[in-house]
Amino acid sequence: MTPEETLEILKNKFPDSEFTYDNELPVDAYIIVNPKDLLDVCFFLRDEENLQFDTLMNLSGVDDNNATKVKDEEGNEKLEGRTLSVYYHLHSMKFDHKFYLKVSLPIEKPEVESVESVWKCADWHEREAYDMFGIIFLNHPNLIRILLPYDWEDGSYPLRKDFETPEFYNGMKIPY
Amino acid sequence: MPIKTEEMVLNMGPQHPSTHGVLRLELKLEGELILDVKPHIGYLHRCFEKHCEAMTYPQVVPYTDRMDYLASMSNNFGYAVAVERLMGIQVNERVEYIRVIMAELQRIASHMVALGTYGVDIGAFTPFLFLFADRERILTLFEETCGARLLYNYMWVGGLSHDIHPDFVRKTKDFVQYFRPKIDELNNLLSYNKIFVERTANIGILPADVAINYGITGPILRASGVKWDLRKNDPYSIYDRFDFDIPVGEGLKGTVGDCWDRYYVRVLEMVESLKIIEQAIDNIPEGDVQEAVPKRVKPPKGSIYARFENPKGELGYFIISDGSVNPFRVKVRAPSFVNMEVFGELCKGHFVADVISILGSMDVVLGEIDR
Amino acid sequence: MGLLDQEFSDSNIVIAKSEDLLNWARLSSIWQLSFGLACCAIEMMATSASHYDFDRFGVIPRPSPRQADVILISGTVTLKMATRIKRLYEQMPDPKYIISMGSCANCGGPYWEHGYHVLKGIDRVIPVDVYVPGCPPRPEALLEGLLKLQEKIRHETLRRTA
């Protein structure tokens, strides 16, 4: 089943929700999903008789770094509209078809439902996205840092584009 | 008189001879019985993804070497193919054939380490020495080709760093001839050894549906009886031209999906890799291995998720390009990272000594888990 | 001092300086803490295995720091790991030696610039006796590093320094 057909099924099933088909990219096309519908959509994709996306191949956080300059009333320039994204790469072992989802979250409040209850393997992937980007996955059973030490500085997320390496960690100098 | 027991937390690692690197396990025990296992990872987090964003596309290749350092060729292979797909580069036949031969040799070398160290974990030291002596032969083949023993930087975007040398074909054939009887020797020495079977059969059984839900791939999934191999199911490069089988676990000594099956699937995979090498080695066409190497690697704006069958499982590269010479984002779906998640589930209800059996049978590489 | 095997025609008394004797004993059986970090650990394993045979220099892997004489830092040291390595080092009995194997342990290696979680050289945490360069060093290079360490032990003294 092609992504376009899957999208049609989704549109019929969730008439109130918005789905954007993003295929300007040359290799892979994405369906952008509204964050609040994500969990329902994922359950539907997994359980629907002729879709059966039983594996989550990959889940990755991305810092889109797409802030634009906006002038407020007093004429001061400030950056707004920066988003963090989460990409979900789904695959069905039974039918051997793929489907790629994306949600975009504002950087001020990067919160999205966890899909750990749908696919078990999302657990560590989501912890990694939290660790590296600070994306909060709601209702995740154990959302703590995974790769970095547990006492790493709060609010310091290394894969964000504006990350700066701290000078010291526990008395050890970090820069060369 | 009833014996009073209480729950105990036992820390295992990061320095422990059987954790295959710097893995820390927090075992919750009741006597010898395991109630829960929490793996703590990140002791080898080397910031791979941050480095990708700072490097140009060809400069990332040496860093991919250092993820799964037992299978550097396969990592190079995946990255090169992913970027080539993003740029629409078609490499010539000679490159494809050499790449497949190298990747399969690497698969054998990686499985040798997996099986050898598994033997050491269980208490059999001799197979380790035998397998490492044979592994040196493969490393010598690699070294003669590209000058490195472990981390090769061999497969570039669009080609290879060096052509094979004139003697390579003969030496590889010699190796295949030499190694085939060695597998029977390994079987007699370790696989069917009573002590080894007692320690591994019926231990850590992973049912197929749990494996799929956890996203398990590679030999572990196949040992659970699922015939799934990306070389057949989602062929990349020229794998669709070769005739080989996908070995699956059959529960010969115990139950399907136990530690022994996971071990034995790797042994059978080495035989299949020898088959592929044999078919490919005589058909290497002439050509220039750097014909398609671009002067400047600058993919168009876009993204790709490409996946490959590594010795450990499905290796996925998710690359986003913003049209510049540096990747905007590279996320690696490392097979060991995902496979490790099911570990706690497998250990529950077993004894402490079985943790070693189960961990060894998963064949995880910490460089890849932590990246 | 070398090997005394079959050097004498009959049983004999050997007179040696206590310093020489102690040093000779120490350098001939350097027990290594069996502890691997990253890629270099694979080369360390290859050095211990059949082809290169670390054993002939008296190097035997010991799983416990209490029984080890030398710790081989074989790979990238991350910030999360550095404190653990320090503790392992402190648990080892004196005299103890450190071989820093590979560029990562020497100075951060390929991760020196952007490695926000990589310690740029193990010598920032514990003192190093021998540095072995390479990424990863060949087993021959590691053997050379060990011979250098033996050379260093051979010239140790028992005398009190002023």
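A: The model is predicted. To start with the largest pocket, its lining residues divide into 25 nonpolar, 11 polar and 4 charged.

Q: What makes the largest pocket a pocket, and what is its volume?
A: A pocket is an open set of grid points, whereas in a cavity a 1.4 Å probe fits but cannot get out. The volume of the largest pocket is about 870 Å³.

Q: Which residues lie closest to the centre of the largest pocket?
A: They are Pro17(B), Val120(B), Phe128(B), Ser34(C) and Met45(C), out of 40 lining residues. A residue counts as lining because it has an atom within 4 Å of a point.

Q: Which elements give two or more residues to the lining of the largest pocket?
A: Chain B supplies helix H4 (93–122) and helix H5 (126–146), and chain C supplies helix H2 (39–48).

Q: How do you know what lines the second largest pocket, and what is its volume?
A: Its volume is about 490 Å³. The lining has 20 residues, and those closest to the centre are Asp123(A), Trp124(A), Val37(B), Lys38(B) and Glu341(B). Two or more residues each come from helix H3 (122–133) of chain A, and from strand E3 (33–40) and helix H13 (343–347) of chain B. E3(B) gives the most, with 5 residues.

Q: What makes chain C and chain A count as being in contact?
A: Contact needs heavy atoms within 4.5 Å. By that rule 14 residues of chain C are in contact with 15 residues of chain A.

Q: How much area do chain C and chain A bury between them?
A: About 1,200 Å², with 68% of it on carbon and sulfur atoms. In chain C, Leu79(C), Lys80(C) and Tyr116(C) lose the most area to chain A, together 52% of what that side buries.

Q: How many salt bridges and polar contacts link chain C and chain A?
A: A salt bridge needs a Lys or Arg side-chain nitrogen within 4 Å of an Asp or Glu carboxyl oxygen, and the count here is 0. Polar contact is found for 3 residue pairs across the interface.

Q: What makes up the side of chain C that touches chain A?
A: Helix H3 (residues 79–91) of chain C gives the largest share, 4 residues. By class, that side has 8 nonpolar, 3 polar and 3 charged residues.

Technical notes: Residues are numbered from 1 along each chain as its sequence is written. Chains are lettered from A and ligands numbered from 1 in the order in which they are written. This is a predicted model: local features need pLDDT of at least 70, side-chain atom pairs count only at pLDDT 80 or more; totals for chains, interfaces and linings use all residues. Side-chain values use heavy atoms; hydrogens and water are left out. Buried area is the accessible area (1.4 Å probe) that two parts lose on being put together, summed over both. A polar contact is a pair of N or O atoms within 3.5 Å; within protein, one must be able to donate a hydrogen and the other to accept it, and residues adjacent in sequence count only if both atoms are side-chain atoms. Ala, Val, Leu, Ile, Met, Phe, Trp, Tyr, Cys and Pro count as nonpolar, Asp, Glu, Lys and Arg as charged, and the others, Gly among them, as polar. On a 1 Å grid over the protein atoms alone, a cavity is a set of points where a 1.4 Å probe fits but cannot get out, and a pocket is an open set with protein on both sides within 12 Å along at least five of seven lines; lining residues have an atom within 4 Å of a point. Grid points are joined across faces, edges and corners, and a volume is the space filled by probe spheres set on the points.
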